[in-house]
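Try each task before you read its solution.

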Amino acid sequence: LTPTVILKDSKPFLAISTPGGDSQDQQILNVLLNLLVFDMDLQAAIEAPRVASYSFPSSFAPFEYFPGRLAVEGRIDAATRAELSRRGHEVKEWPEWTWLAGSVEAVHADPQRGLVSAGADPRRPAYAIAGGNPAKVLRRRFSDEVVTELVEIAWWDWSAEKISRNL
């Protein structure tokens, strides 16, 4: 795994990680670029199509490597794949969604909006849960009646010894 914590103004901004062998750091970079450069929200950044280079020796026996090989998820359009080939890459197409592109999970703190959000990768079984008070966030968008019903259905409070339902 590649546990990574990113600070902004000396405060926690993002905790992110993924399994995935030699592709781990590349998949973290894919998501970071989507989040920080392309201004995607966390879940969209995680779900966006991914690429991975295999131009270096594998960490695993028999330590193969494939100079110029670039694996791309099938959701990357044909024109982009053709351009990558034209630029000298050996483009290997992955399925539209593949576990080979890791399984990035992350928690993002946005102190300006007072939100903590989490994202989970659909490429493997995973779930995202962000701490904090969901009622406070939900009330910005829904009526008190809807929020009360949602909180009664979904709000779980983690304690050191057990999980207890807060109704």
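**Exercise 1. Find the element that holds Asn34, and decide whether Asn34 is buried or exposed.**

Step 1. Asn34 belongs to helix 1; helices here are DSSP runs of H or I with at least four residues, strands are runs of E with at least two, and both are numbered from the N terminus. This is a predicted model, in which local features need pLDDT of at least 70 and side-chain atom pairs count only at pLDDT 80 or more, while totals for chains, interfaces and linings use all residues. Residues are numbered from 1 along each chain as its sequence is written, and side-chain values use heavy atoms, with hydrogens and water left out.

Step 2. The relative accessibility of Asn34 is 11%, so Asn34 counts as buried (under 20% relative accessible area; exposed is over 50%, partly exposed in between, with a 1.4 Å probe and protein chains only).

Step 3. Leaving aside residues up to four places away in sequence, Asn34 touches Asp39, Met40, Ala45 and Ala48 (contact means heavy atoms within 4.5 Å).

Step 4. Now look at the whole helix: helix 1, residues 24-37, lies across strand 1 and strand 2 and runs at about 140 degrees to strand 2. Such angles run from 0 to 180 degrees between N-to-C directions, with axes fitted to C-alpha atoms, for helices over the stretch in contact.

**Exercise 2. Work out the order of the 4 strands in the open sheet.**

Step 1. The order is 1-2-6-7, with antiparallel pairing (two strands pair if DSSP finds at least two bridges between them).

Step 2. Strand 1 (4-8) and strand 7 (115-119) each have a single partner strand, so they stand at the edges, and one side of each is left without a neighbour in the sheet. On average, neighbouring strands of this sheet are turned by 20 degrees against each other, direction ignored.

Step 3. Begin with strand 1, which is joined to strand 2 (residues 11-17) by 5 bridges. Here Leu7 has Pro12 as its bridge partner, and Lys8 stands opposite Lys11. The hairpin of these strands has 2 residues between them, and Asp9 takes a positive phi near 55 degrees.

Step 4. Strand 2 and strand 6 are joined by 4 bridges, and Ser17 has Glu105 as its bridge partner in strand 6.

Step 5. Finish with strand 6 and strand 7, joined by 5 bridges. Ala109 stands opposite Val116 in strand 7. In this hairpin, which has 4 residues between the strands, Gly114 takes a positive phi near 70 degrees.
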